[in-house]
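Visitor: Could you walk me through reading salt bridges and confidence in a model like this?
Guide: Gladly; let us look together.

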Amino acid sequence: MKISKITILSSLLMLLIGATNTSCSDALDLGPIDYYGSESYWKTEAHAEGYIDGIHKHLRDAAWQHTITFGELRGGHYITGTSGDGSSVSGGAIASQNFDSNNTGVTKFGDLYGRITNLNLFIARVSDADFIGTDKKNYFLGIVYGLRAFYYFDLYRIYGGVPLRLGVEVIDGELDPTKLYLPRSTPAEVMAQIKSDLQKSLDYFGDVNSFNPYGMGSKVYWNKAATEALIGEVYLWNSKVTTGNNAANVSDLAVAKQHLLNVVNNYGLSLQPNFADVFDARNKANSEIIFAIRFAENEASNGFGSYVYNIGTGQTTNSSYLEDGSLFVDPLQVAGSGSMQRYEYKEELFRIFDVEDSRRDATFLAAYYKDDEGNLTYRGTHVRKNIGLINSSGIRIWIGDMPFYRLSWVYLTLAEIANMEGDNAKVEEYINIVRERAYGENWSPEFAYEAGDFTANELAILAEKDKEFVQEGQRWWDIRRMTLTKGGKPLVFTPQASFNGEPILNESTEAHKVLWPIDRALLDNDDALEQTPGY
């Protein structure tokens, strides 16, 4: 990715993001139309290419929210209160499912509508443009329609029905409140729009399967394989999850399956031989990655230093021990990196890994207390999975890329589809592809998964994903989508998906909490909006 260009564009494009909230009053307060919204900008191919850089920079700005806030914190696998390093953890209200009309987790729909309007502007200014070659224009439109579907799918899973903002009224000077206010579309309407955008993305990409056809950067720009992966995710979700007036449609399974098989077969992807290599900051855009958010020194960090001890103020260093009984000093070499443990996973998650599973030690570094007899007891874990690298100054920098889609996710999603189809042979095949890589030289038949009934398979897939996708934003969506029986109760309402034997949400009193509430300020500023049902 063109670092200098993406950094410069960030400040300019942010003006547009600030101008395009769904709240009419916010838009009216801004006044002038910014440079990107003006007709004078859209004159050259370089303008379009620069704008593509900008929308990816702002996708990166939202990556933590997409991955951790929306995809992880509610999964039941985070501690609340105080970390093993002695610091207060963040996100406790979300992790505790503390949602009501005054506690909404995020505000202003997570600020996603500004990003969506940036995409709408590109569509409006470039679709019929003659200042860019047709092939490159179509490729860029494939990116933009794919990203719009991506944002709306997040909004759909979070809120259900949401306003469908598909134009650029604010940018083009429309200030009539009656035209700018938008009510929430129904869930069925939102899902239909997502599917429409996905099809347009595919159509515009056409036969271009390359991850870097124009030399801009490999696998860090949205691409056709990412659109097909998102189609698999959207259609699998819609085959199993009913939201409002949008009933689950099992026929969508076939669509999801076909596009995920396309991802497996058509893009030259392969699993990395070693699990840890997937996240090596010197091995970016590797064979397993489909689409990832790029981080780079002196530009942006991924934030994962907040999962690791601090050697200055933390309580782990020099007062804890490693698994081999040696003193815990600074085994991850985080001195000077600015790390501070604000997030920690529950001990029960660490315990589900076999010692022979390479993902255990590639993901976690455990700390222990030691008594006078040398016996170790668990103190806490620190995540070493995406730990960046030591730079030329000897400082650890957190610049590992953040994968949104990678090949092992495709295999385990295909396993879930196979379970819905009752195909135990494929359930075993897909799970064991992932497991065999994880165990590496330790692999033996005893570690292979043998399929059982629907429930056993579904829980096995969830457990495999729990080990494979720590810190990758999967678990909340998994327990909302996956079910105890075919067509039955979502796992979020069952003790089988929790780590303490209690359902993550109580179905009788908290069923509405599968969706998030809208903050009062946004409701007060927009007369067309209504609160999420149940709040």
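Visitor: How many salt bridges does the count come to?
Guide: A salt bridge is a side-chain nitrogen of Lys or Arg within 4 Å of a carboxyl oxygen of Asp or Glu. By this rule, the count comes to 33. This is a predicted model, where local features need pLDDT of at least 70 and side-chain atom pairs count only at pLDDT 80 or more, while totals for chains, interfaces and linings use all residues. Residues are numbered from 1 along each chain as its sequence is written, and side-chain values use heavy atoms, leaving out hydrogens and water.

Visitor: Which residue forms a salt bridge with Asp478?
Guide: Lys465 does, with the closest N and O atoms 2.9 Å apart. The pair links distant parts of the chain, 13 residues apart: Asp478 is in helix 17 (residues 475–481) and Lys465 in helix 16 (residues 454–468). Helices are DSSP runs (H or I, at least four residues), numbered from the N terminus.

Visitor: Is Asp478 buried or exposed?
Guide: Buried means under 20% relative accessible area, exposed over 50%, partly exposed in between (1.4 Å probe, protein chains only). Asp478 is buried because its relative accessible area is 1%, and Lys465 counts as buried at 3%.

Visitor: What is the mean pLDDT of the protein chain?
Guide: pLDDT is the predictor's confidence in each residue, from 0 to 100. The chain's mean is 92, and 91% of its residues reach 70 or more. Over residues 1–12, however, the pLDDT is below 50. Where pLDDT is low, the predicted coordinates should not be read in detail.

Methods: Contact = heavy atoms within 4.5 Å. Helix = DSSP H or I, 4+ residues; strand = E, 2+ residues; numbered from the N terminus.
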